[in-house]
Amino acid sequence: MFRRFSALFLVASLTACSVLPGDSKQAPRAPARQQASGPIDRGGAAGQCLSELGQMQADFTPLPDRYLGKGCSNLNTVKLSGLHGDLETFSVTNLGPVTCSTATAFAGWARYGADRAARQILGSPLKRIETFGSYNCRNVAGSNRRSAHATADAIDISAFVLANGQRISVLGDWSKGSSAERRFLRVVHESACKRFATVLGPEYNAAHLDHLHIEGTNEGKSYCR
Ligand SMILES: [Zn+2]
């Protein structure tokens, strides 16, 4: 199984490299780490998703499927350990299992939305994305409906740390940051709306004053607040 993942992955990495601007002048990048743990055999759509996540050059480990009762589960999830920007690698803190599809949208948004915005607006690449987590067997706050966190389909983003040491947090900088910091947060919020099915930030309600909730994949329409 590991060999099959690796072969898939190598193809995925080469495909990804071939579309990077100016990449033909660079030495091939080593494939990102991927470990198949245990007897996970993901063919079909699930395997295709892992391949796409590999194309985003994410470092990740597929996790075993788990039904956790009470409407909570981890199906087709991965553990993300690192992401690649155009020029460098950055980390993501405090993240548990995330469904492969949401992880793939997240890797794309982190690279093409957040990292590029950090360099263009704030002059420094991303070093770290801080989160309040992903999987959590709970309801939507104030309701009796299961949250997307209960199926590991959502991530709460709390802050961005740049290579120059600057830290931009949703709580501290959405309203009170410098004009560049406020612009950065709005640009990454807007770009998230293009990739995720649901994006909720400080403008939505008081429960989201300190994070951006990103959930699912944008299949042509998104709920963006
Ligand atoms: Zn959330």
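**Disulfides, zinc site and nonpolar core**

A disulfide, defined as a pair of cysteine sulfur atoms within 2.5 Å, joins Cys193 to Cys224 with an S to S distance of 1.8 Å. Cys193 lies in helix H5 and Cys224 in strand E12 (residues 223-224), so the pair ties together parts that are 31 residues apart in sequence; helices (H or I, at least four residues) and strands (E, at least two) are DSSP runs numbered from the N terminus. Because the torsion about the S-S bond of Cys193 and Cys224 is about 60°, this disulfide is right-handed. Cys193 is buried, with a relative accessible area of 8%, whereas Cys224 is partly exposed at 26% (buried, under 20% relative accessible area; exposed, over 50%; partly exposed, in between; 1.4 Å probe, protein chains only).

The structure is a predicted model, in which local features need pLDDT of at least 70 and side-chain atom pairs count only at pLDDT 80 or more, while totals for chains, interfaces and linings use all residues. Residues are numbered from 1 along each chain as its sequence is written, and side-chain values use heavy atoms, with hydrogens and water left out.

Cys49 is joined to Cys100 at an S to S distance of 2.2 Å. This pair links helix H2 to helix H3 across 51 residues, and its torsion of about -110° makes the disulfide left-handed. Cys72 is joined to Cys137 at 2.0 Å; Cys72 is in strand E3 (residues 72-74) and Cys137 in the loop between E7 and E8, 65 residues apart. With 80° about the S-S bond, the link of Cys72 and Cys137 is right-handed.

The zinc ion is coordinated by His149 (NE2), Asp156 (OD) and His213 (ND1), at 2.0 Å. Donors are N, O and S atoms within 2.8 Å of the metal (3.2 Å for Na, K and Ca); water is not among the atoms, so sites may look incomplete. The donors follow the spacing H-x6-D-x56-H along the chain. Asp156 and His213 are both buried.

The largest nonpolar core comprises 42 residues, of which Leu80, Phe106, Phe160 and Phe184 touch the most other members. Such a core is a set of buried Ala, Val, Leu, Ile, Met, Phe, Trp, Tyr and Cys residues joined through side-chain atoms within 4.5 Å. Its largest share, 12 residues, comes from H3.
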